[in-house]
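Please look through the sequence and the model below before reading on. The text then walks through a few of its features.

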Amino acid sequence: MIERNLESSNMEKKIEKDLLVEVQSLKKYFPIKGGILGRAVGQLKAVDDVSFSIYKGETLGIVGESGSGKSTLGRVMLRLLEPTEGHVIFDGVDISYLSQRKIRPQRGDMQIVFQDPFASLNSKMSVGQLIEEPLLVQGKLSKAERNKLVIAMIGKVGLRSDDRQKYPHEFSGGQRQRISIARALIVNPKFVICDEPVSALDVSIQAQILNLMKDLQEELNLTYLFIAHDLSVVKHISDRVAVMYLGRFVELAPKKELYSNPLHPYTRALLSSIPVIDLNEDSNDKQEKVKLEGDLPSPANPPSGCTFRTRCPQAHDRCVVDRPELIELEKDHFVACHLYTEG
Ligand code: SF4
């Protein structure tokens, strides 16, 4: 049983044996250049002091609008982007600042599935070659051993063995995402970041891919970080859900708790925007509806205090000057909002 004792922004509670990933005060700032000399004139704070843990075998969903920093967070965790500050500890090893040579042993254990399978698959390679490629890069197995794994993986993701000879353009979007999943899983990873893997697919196909990912998680003992802009998608696959706004977590809770008892005004607004309510599950149908006004402010020039204050129907004076910290308000339920703190 996975221990669900969760993180606070102070990260004091951990059960070491079940931890897989620990993110500590992670920041990713991009310089904003200007002037004739192209000097840095500011910073875009894409990820701004985020701390959390992921436990073996679970799926942590991260939800936020486009520009909230969720995809950047995933890329920094995999070291596809360099962190500005903070740490990522993967399976007991601090990988935050390891050289690309030293991080190689962890590379195969951490994989990513991207949103757009067509863009992420080389159109000149056959499906068999695409799935085999990560094994070739590792250079550990013979041709016969690689073939055996590729054939098995093609079956696992629901493709036919004769699909090996075909090319990405011969497949539908859902089938191409199956190929991407096979490429990610062929090296037997422990941890997979799923970056909006179903956002580009029709709703009926989304369900098939989500079910496939759930089945593979169980069969292969995988741990997922599942990124989406839609709370209705992560609901079906996540054990816990974090809501991200302008580079920071504003709420984090077990799935059931978050959907039945959302605390942050932003989470409530996101839940209000889900059009279809599943009456068989805990749902937000009893929650007060909150309309989300306006656009996401620029992370290059975020509002002072609480960065959600320009869109929050409950903003008050304190919200202009004080940035709320993520605190554990109820067991395993964290929220960053002055409505729940004295001051
Ligand atoms: Fe709204 Fe203030 Fe809470 Fe921010 S801190 S979410 S502005 S009430």
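**Salt bridges and a helix pair**

K190 is partly exposed, with a relative accessible area of 34% (buried means under 20% relative accessible area, exposed over 50%, and partly exposed in between, with a 1.4 Å probe and protein chains only). This is a predicted model, in which local features need pLDDT of at least 70 and side-chain atom pairs count only at pLDDT 80 or more, while totals for chains, interfaces and linings use all residues. Residues are numbered from 1 along each chain as its sequence is written, and side-chain values use heavy atoms, with hydrogens and water left out.

Side chains of opposite charge can pair when their charged atoms come close. The side chain of K190 forms a salt bridge with that of D109, at 3.9 Å from N to O (a salt bridge is a side-chain nitrogen of Lys or Arg within 4 Å of a carboxyl oxygen of Asp or Glu). K190 lies in the loop between α6 and β7 (191-195), and D109 in the loop between α2 (104-107) and β6 (110-113), so the pair ties together parts that are 81 residues apart in sequence. Helices (H or I, at least four residues) and strands (E, at least two) are DSSP runs, numbered from the N terminus.

The structure holds 19 salt bridges. Another one joins E85 and K27, at 3.7 Å from N to O. E85 is in strand β4 (residues 85-90) and K27 in strand β1 (residues 19-34), so this pair links parts 58 residues apart in sequence. E85 is partly exposed, at 42% relative accessible area, whereas K27 is buried, at 17%.

K156 pairs with E219 in a salt bridge, the closest N and O atoms being 3.7 Å apart. K156 belongs to helix α5 (residues 143-156) and E219 to helix α7, so the bridge ties together parts 63 residues apart in sequence. K156 is partly exposed, at 31% relative accessibility. Salt bridges with shared partners join K56, D91, D109 and K190 into one network.

Now consider two helices. Helix α6 (residues 173-185) and helix α7 (residues 203-220) pack at an angle of about 20°, with their axes 10 Å apart (axes are lines fitted to C-alpha atoms, for helices over the stretch in contact, and angles run from 0 to 180 degrees between N-to-C directions). α6 and α7 are therefore roughly parallel to each other (angles under 35 degrees count as roughly parallel).

Definitions and conventions. Angles under 35 degrees count as roughly parallel, over 145 as roughly antiparallel, 65 to 115 as roughly perpendicular and the rest as oblique.
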